[in-house]
Every structure is written in C-alpha cells, then in structure tokens.
Amino acid sequence: MKKFQKLGILALTAGLMTACADFDPLAFNTEKPESIALQEELNSYAALRSLLDTVAYPNFKLGVAMPLTDYTSAGLKYRFVNRNFNEFTPNTGMSHRNLVQDNGTINLVNIQSLLEMAAQKDVSVFGSSLISYNNQNSAYLNGLLSPLIVESPAFDNELALDGLKEGELNDWTVSSGVTIAQGDGMGNGVPAVKLQVGASVASPNSVRITSPDIPVIPGKTYEVIAYIKSDVPGEGRFTFEGLSENTPELAWFGSGPATPTFSTSISWKEVRFRVNAFEGNSFKFQLELGYTPSATYYLDINNLYVYDVDGPPMISNLISNGDFESGDSWGGWGNNSTRGVTANGQGVGGSGSAFFVTNPSTTGGFWEVQTVYQLAQPVKNGETYNLSFWVKGTADGVIRPELQSPDYSSNGFGQVFVTQEWRLANLSTTVNADDRGRLIFSYGEFAGTVYIDNVVLSNANASGGSTTVVEKTAQEKNSIIGTQMERWVSQVVGQTKDQIKARNVLDEPMDQNNPAELRSGLGRALPDGEFYWQDYLGKDYGVKAFQMARQHGNPADLLFINESGLEANLDKCRGLIDYVTYLENKGAQVDGIGTRMQLSLNSNTSDIGTMFQLLAATGKMVRVSGLEVRIMSAQPTATMLERQAEIYGEVLALYEQYVPAAQRYGITLGSAIDSESDNTLRQGLWDVNLTRKPSYAGFADGLKNQ
C-alpha cells in the first residue's frame with residue numbers, strides 16, 4: 001500500500017485549537033493560519049479505500065459497520081461508504097429481530113436491495129451474525145415455547161369418557177398395543193390412551209381404538225376434538241361407522257385442505273374436524289395409527305370431545321368480547337394511567353390481542369387506578385360467580401378484581417399476583433347485594449403495565465368447560481428451537497449466498513464473568529430482544545449453526561465466530577478458542593474468528609498484541625470486526641486526540657505484526673463517524689459533519705503494511 005509521510009499529530013491538533021503565536025505584520029496577510037494548513041494537510045490524504053494494495057493483498061477487506069438504511073437510502077453516507085471502504089456490514093437491519101416478522105415469516109426485501117446496490121459499487125457485504133443472544137425476535141420465539149392453553153368446549157360432550165378416565169377400556173374396541181397410561185395426558189397427573197406400533201405394520205387399522213356409539217341428531221353437525229402426540233414423527237387418521245362416507249378426507253386441523261391423514265410430533269397437536277350426513281341416530285369413530293413402525297402415540301382423555309356445534313352452551317360468559325379480538329377497550333381512570341388493546345400477536349400464547357393498563361406509579365390506595373366493565377344487568381344476589389382470566393405484567397405486583405355497586409360497595413375476588421409470565425387466575429366470590437352491576441379491576445398497587453386476556457365471568461351454577469395448561473417439555477423446546485434455527489439459517493443463507501461469501505455464524509457466545517462457559521439467560525427476566533438459543537439446544541447449538549450455514553451456503557464461504565472484549569479479557573479469548581476447538585471436534589468447520597474491539601484511551605496495547613498472537617495461533621482467519629477508540633469526553637483535548645490517533649495506528653501495527661498476511665481477513669470500523677447520540681464517545685475517524693479528524697491520519701498511516 002502507498003506509504004504516506006506521517007503527520008505530526010500533536011502539532012496538528014494543537015494547530016486546530018490555537019492560532020499562530022508569532023505576529024509579523026508584513027507577513028500576516030500572506031501566511032495561512034496553521035489550523036487551516038494542518039486541516040488541509042489532513043484532507044490531502046487519499047480516501048481510505050485507495051490506500052489498499054490490491055496487488056499484494058487482493059483479498060484484504062477494509063470495512064465499515066453502519067445501519068442498513070444508511071446505505072440503501074443512497075444519500076451522503078452511501079457515497080461515503082463507496083469512497084472509503086470495500087466491505088459493508090449492516091449493524092442493524094439484518095438481525096433476526098429485523099427480519100423475522102411477528103408471525104414467523106422472514107422478510108429479506110431490504111437485504112436484497114442492499115446486496116444489489118453494493119454490488120453495483122464493487123462493495124462486498126459481510127453477513128451479520130446469524131445466531132446471537134441479542135437483537136432476536138424473542139417475542140416470537142418465546143411465543144412458540146409458551147404453554148399450550150386448551151379451552152374445552154362449553155357444550156355437553158356426547159362421548160362417554162367415564163370408563164377411560166377410570167382406566168377402563170371396556171366400552172371401547174381396541175387392537176393390541178393399546179393401554180391406559182396414567183399421568184401421560186395433558187396437564188398434571190391426567191390419563192391418556194397409549195397406542196404402541198410394532199416394528200412392522202400391515203395396515204393403518206393394525207393399531208386402532210374405536211369409540212362406543214355416539215348419539216347424534218340427524219341433520220346436525222358435530223365437531224370432534226382430539227389431542228395427540230407421538231415420540232417420533234407419526235401419521236394417523238379417523239375413520240367412521242354410520243356416516244354416508246366413512247373414510248373421508250378431512251381438514252384435520254380445522255382449516256386448510258382436506259387430506260387423507262394428519263401428522264403428529266412430540267408436541268401435543270389438536271385435531272379438530274366436523275362431521276354430518278349421519279345414516280342413523282348414532283355413529284362411531286375409529287382412530288387408526290398403523291402407519292409408522294415403532295412409534296408410540298398418546299391420546300389425551302380429558303379433552304377428547306364430540307359435541308353439537310349448535311347445541312346450548314353450558315357456560316354463559318357475562319363479559320362480551322372477553323378476548324378483546326374486536327379491539328374494544330374498557331374504560332378507566334386514575335393517576336394518569338393509560339389503557340387500550342394491544343396489537344395482534346400480543347395476547348396470551350402469542351396470539352390475538354389483550355387488554356392493557358399502564359399505571360406510571362403506585363398510589364396511596366389500590367382503588368385509585370381502576371378499569372371498569374359494565375355488565376348488561378346486575379349479577380344475582382346470593383349466588384356464586386366464577387372469574388377467570390390470563391394476566392401478566394412488566395413487573396411483579398398485585399391487582400384486585402371485584403363486583404361493584406353504584407355506591408362503591410363490592411364483593412371482591414381477592415388479590416391476584418401478577419408475574420412477568422402469563423398465568424391463569426381462577427377466582428370466585430358470592431354476591432350479597434342486588435345491584436352489583438360492574439366488574440372492576442384495581443391497579444393502584446402495581447407500577448407498570450398489566451396485560452389481561454380471555455376474561456370469563458359466569459354463574460357457578462351455569463358454568464361448564466375447563467382450561468388445561470400444558471407446559472412444553474425440554475425435549476419439545478429443543479425440537480421447536482432447532483426447527484426455528486434450521487428455518488432461519490436456511491432461508492437467510494440460501495437466499496443471499498450468491499452475493500454474501502463471508503458471514504458471522506455465532507456472535508458473542510462466551511459468558512463475560514465465566515469466560516470458559518457459554519452465555520445463558522436462565523434464571524433471569526430477559527429484556528425484549530434477548531434470546532439464548534444455547535439454553536434450549538445445549539453446547540452443540542454452535543455445531544448445528546455452522547453445519548447449517550455450510551449446508552445452505554457455498555462450499556468456499558468463510559464462516560466466522562465473533563466475540564467482543566477479547567483484548568480486555570484474555571481468559572475470554574482462550575475460552576473462545578477452546579469453544580472453536582470443541583465445535584470442530586464435533587464436526588463443524590470454523591474458518592475465522594472475529595474480534596470486536598471497543599477501546600479507550602487507556603486500553604492496554606500489550607494485551608491487544610497478546611490477543612492477536614492467541615488468535616493467529618489457531619491458524620484461522622482473523623477479522624477485526626468492529627474497531628473503535630473512544631475518547632469519552634465532549635471536549636477532547638489535543639492530547640486526547642493525539643492518543644486516539646496513536647491507538648488506531650498501534651492496533652493496525654499489532655495486527656500486521658502478529659497476524660500473518662494470509663490470515664488477515666481485514667478490519668472493519670465499528671463507528672467510522674462520531675456518534676450523534678452521544679458526543680462524549682468521539683470514536684470516529686470523522687466527526688459528525690464528516691470532517692476528517694487526526695485519528696484519520698493515524699489509521700491511514702497504520703494501513704501501509706496491511
């Protein structure tokens with residue numbers, strides 16, 4: 001690379017701050033001020049990109065990390081990048097959080113636009129980290145892991161289940177391999193029918209269970225609901241006796257196309273379909289599972305239902321729109337609180353909407369912040385009423401529901417403890433007045449936002465149906481998150497591999513306090529955007545990620561693992577290297593290691609050199625993935641600016657000294673331009689007006705041997 005005469009940085013910065021000390025009247029009008037002269041000398045440096053020796057080092061990448069939109073807006077920063085850098089890393093706009101929508105779809109439109117624009121300017125794009133612990137769509141992922149909430153129909157069940165619940169199959173016709181498994185149903189300690197398929201199967205009905213006669217009213221439509229899971233991916237179908245078509249293709253999950261069979265997995269799956277066209281006053285169903293050899297199936301008993309969809313409901317919810325899907329909010333008052341209905345996808349279980357109340361602070365009395373639902377008519381004096389709803393909050397606390405009269409007297413349901421996870425509240429109270437006409441929730445003891453969903457208020461004498469909450473097992477969570485990783489990596493890598501030839505696969509895997517261990521979110525309330533894939537997939541999550549990236553990308557792609565703070569914590573550097581060894585011993589191929597370096601004026605350059613030595617000793621490509629030297633002063637002195645420039649130059653010199661040329665992937669600036677949001681950082685080579693700083697000269701001179 002072209003070697004430049006190094007500026008006298010101290011003189012430059014001093015000149016930028018003071019005028020010439022000598023006064024010579026004869027020369028005053030012809031001598032240029034030193035500050036201007038030195039700035040002109042700084043500006044005379046060539047653009048950074050032109051300093052690269054593309055003959056001796058054709059593959060060296062000089063990169064910058066900036067928001068994706070800074071480039072795709074095609075404005076000043078777009079031209080700035082094209083002039084100074086040959087690689088661009090989007091530090092926002094390409095993360096899991098940016099690309100995965102709340103319904104799980106992956107939107108790569110903006111990425112494709114970036115790739116097209118960069119290719120036109122011969123700027124390569126370095127792929128942002130595929131798997132990280134931050135900038136994840138944690139709401140979507142956690143929604144997949146949330147409990148299965150089953151609300152049984154509030155109608156009479158036409159299917160006789162007493163025998164099954166008591167552990168008897170006498171009323172049912174079964175094949176071999178069918179038994180009652182106590183404790184294996186949904187929920188805690190409830191029974192299931194266990195159906196085991198042998199190592200070989202002759203036909204679908206070789207493993208089956210047939211119901212007793214189910215009474216029906218001809219001409220009516222009945223819905224069948226069943227919950228099934230299997231220890232391996234399986235397949236099944238329902239056939240019938242007493243229908244005009246006994247082996248129909250059906251939309252097994254309540255919607256979608258009709259198919260001959262349905263699939264099963266390790267998670268409970270709802271099978272829901274409707275039948276009619278009965279030939280008589282009863283019919284039977286037969287569940288047939290003889291498709292997959294050596295599979296074991298479980299059929300939940302408590303939530304096996306057949307009911308008349310037009311029959312009279314057993315439960316009469318006194319709250320209309322208790323699920324808030326219409327978007328109608330409840331009224332309320334107190335303490336400048338606000339309330340409303342959330343966006344779709346924020347209801348219980350990650351679906352639908354919920355009602356929310358935000359109370360900015362606790363108050364002197366719980367009644368000082370309230371919401372109200374006006375009942376169509378007062379509840380009945382002397383009778384007991386059940387109230388159920390799902391609730392969570394942004395903090396832990398207490399709320400209080402009650403049935404209230406116009407004179408503010410009430411029958412309370414007691415305190416309800418709110419946590420940061422959805423929980424089901426089941427309460428009851430007996431009414432002792434004739435004019436309890438509204439349902440009140442009080443929030444004065446809670447500071448933050450409370451979310452409420454699926455509110456049901458009913459007379460205990462007229463209630464029916466039940467709620468079953470089924471927590472996901474560790475095995476289910478592993479399968480769900482593994483599937484999500486495969487879907488995410490395959491789509492992002494597969495659809496960008498023609499343009500992106502190098503990318504981060506794992507970002508910041510090592511724990512800051514225990515640098516030999518992986519990060520974890522277990523036991524902590526995590527902020528939005530944090531999600532730890534390794535907590536569900538284990539230490540081999542990195543193996544899977546690298547193998548998937550390799551499978552869906554190009555054979556020659558360079559795949560990196562990236563970490564921050566390695567120069568400040570050499571034990572963390574060694575821990576990362578050990579993890580790379582582990583990954584490769586497990587069958588992953590790691591091509592390079594990235595080091596994100598957020599330095600200060602007091603950073604120990606000796607430790608930086610040691611870090612480069614350790615990384616180079618792995619034989620991997622070494623990438624400086626985000627270099628910053630922070631001044632941490634809103635009014636830096638000349639000495640500070642000089643030291644910043646020196647450190648930039650020293651880092652490049654150490655990189656050249658300890659990392660062989662063949663292993664030098666390149667250097668990316670984490671903040672090429674001073675931060676606009678925090679003027680104390682002053683970390684860039686340019687100020688916020690894109691004026692070159694002394695650090696530009698320090699960095700440019702340091703490039704000469706790269």
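Biologist: Where in the chain is S203 found?

Modeller: S203 sits in the loop between the strands β7 (192–196) and β8 (208–210), where helices (H or I, at least four residues) and strands (E, at least two) are DSSP runs numbered from the N terminus. This is a predicted model, in which local features need pLDDT of at least 70 and side-chain atom pairs count only at pLDDT 80 or more, while totals for chains, interfaces and linings use all residues. Residues are numbered from 1 along each chain as its sequence is written, and side-chain values use heavy atoms, with hydrogens and water left out.

Biologist: Why is S203 called partly exposed?

Modeller: Buried means under 20% relative accessible area, exposed means over 50%, and partly exposed is in between (1.4 Å probe, protein chains only). S203 has a relative accessible area of 26%, so it is called partly exposed. The C-alpha atoms of S203 and P293 are 11 Å apart in space, although 90 residues separate the two in sequence.

Biologist: What makes the protein as a whole more spread out than a compact globule?

Modeller: The protein comes to 15 helices and 33 strands. Its radius of gyration is 33 Å, well over the 27 Å that the globule rule gives for 706 residues, and therefore it is described as more spread out than a compact globule. The radius is taken over C-alpha atoms, and the rule is 2.2 Å times the number of residues to the power 0.38. Along the principal axes, the C-alpha atoms fill a box of roughly 115 × 70 × 40 Å.

Biologist: What share of the 706 residues counts as buried, and what share of the contacts links residues 24 or more positions apart?

Modeller: Buried residues make up 51% of the 706. Contact means heavy atoms within 4.5 Å, and among contacts with a separation of 6 or more, 78% join residues 24 or more positions apart.

Biologist: Why is N504 called buried?

Modeller: N504 has 5% relative accessibility, and therefore it counts as buried. This residue is found in strand β29, and, leaving aside neighbours within four places in sequence, it is in contact with residues including F126, G127, S128, F560, I561 and R623.

Biologist: Why is T429 also called buried, and what does it touch?

Modeller: T429 has a relative accessible area of 9%, so it too is called buried. It is found in strand β25 (residues 423–430), and it touches E383, T384, Y385, L403, N411, G412 and F413, not counting residues up to four places away in sequence. One of these, N411, lies 18 residues away along the chain, with 6.6 Å between the C-alpha atoms.

Biologist: What makes the span of helix α12 close to the expected one?

Modeller: Helix α12 (residues 570–585) has 16 residues and reaches 23 Å from its first C-alpha to its last, close to the 22 Å expected. That expected span is 1.5 Å times one less than the number of residues. Just after α12, G587 takes a positive phi of about 110 degrees.

Biologist: Which residues of α12 are buried, and what covers them?

Modeller: They are L570, K572, C573, G575, L576, I577, Y579, V580 and L583. Their cover includes β29 (502–507), α11 (541–552), β30 (558–564), β31 (592–600) and α13 (605–616).

Biologist: Why is Y408 called exposed, and what is said of its phi?

Modeller: Y408 has a relative accessible area of 61%, so it is called exposed. Its phi is near 75 degrees, a positive value in a residue other than glycine, and Y408 lies in the loop between β22 (397–404) and β23 (410–412).

Biologist: Why is L690 called partly exposed?

Modeller: L690 counts as partly exposed because its relative accessibility is 23%. Found in the loop between β33 (664–669) and α15, L690 has a phi near 60 degrees, a positive value in a residue other than glycine.

Biologist: Why is G619 called exposed?

Modeller: The relative accessible area of G619 is 53%, so G619 is called exposed. G619 has its place in the loop between α13 and β32 (621–630), and its C-alpha is 9.6 Å from that of A662, which is 43 residues away in sequence.
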